[in-house]
Amino acid sequence: MPLIRICHQHGLGHDEACRTVRKIAAELAERHGVDCQWQGDRLIFRRHGLDGSIDVHDDRVTVLARLGLALLPIRGRLEREVEALLNRHFP
């Protein structure tokens, strides 16, 4: 499966970063039907043709997404959307 990997620095601290990722998870669930589940400091997300994780660290979040073949043609757009989402929530 093709991968998207994005590491985004932040200055929020660990607890605030976790709260922010919870907000992102709610947005993904509402807007895109993504199923989200926490495992420690990692948010696991799944949807048909897409699965991955968001790892929360004290100074960064790391997004790893595996795309199904149907999403491969829009990989670049998805990367830009993830980066925009992170920039919006982690200025």
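**Exercise 1. Identify which residues of the largest nonpolar core touch the most other members.**

Solution. The largest nonpolar core has 22 residues, and those touching the most other members are Val-21, Ile-24, Ile-54, Val-61, Leu-86 and Phe-90. Such a core is a set of buried Ala, Val, Leu, Ile, Met, Phe, Trp, Tyr and Cys residues joined through side-chain atoms within 4.5 Å; buried means under 20% relative accessible area with a 1.4 Å probe, protein chains only. At least two core residues come from each of β1 (3–9), α1 (14–32), β3 (42–47), β4 (50–56), β5 (60–67) and α2 (75–89). The most come from α1, which gives six. Helices (H or I, at least four residues) and strands (E, at least two) are DSSP runs, numbered from the N terminus.

The model is predicted: local features need pLDDT of at least 70, side-chain atom pairs count only at pLDDT 80 or more, and totals for chains, interfaces and linings use all residues. Residues are numbered from 1 along each chain as its sequence is written, and side-chain values use heavy atoms, with hydrogens and water left out.

**Exercise 2. Work out the strand order and find the edges of the sheet.**

Solution. The open sheet of five strands reads β1-β5-β4-β3-β2, with antiparallel pairing; two strands pair if DSSP finds at least two bridges between them. β1 and β2 (35–39) each have a single partner strand, so one side of each lacks a neighbour in the sheet. β2 and β3 are joined by five bridges, and Gln-37 has Ile-44 in β3 as its bridge partner.

**Exercise 3. List what Leu-86 touches.**

Solution. Leaving out residues up to four places away in sequence, Leu-86 touches Ile-6, His-8, Ile-24, Val-61 and Val-63, where contact means heavy atoms within 4.5 Å.

Notes
Buried < 20%, exposed > 50% of the residue type's maximum accessible area, 1.4 Å probe, protein only.
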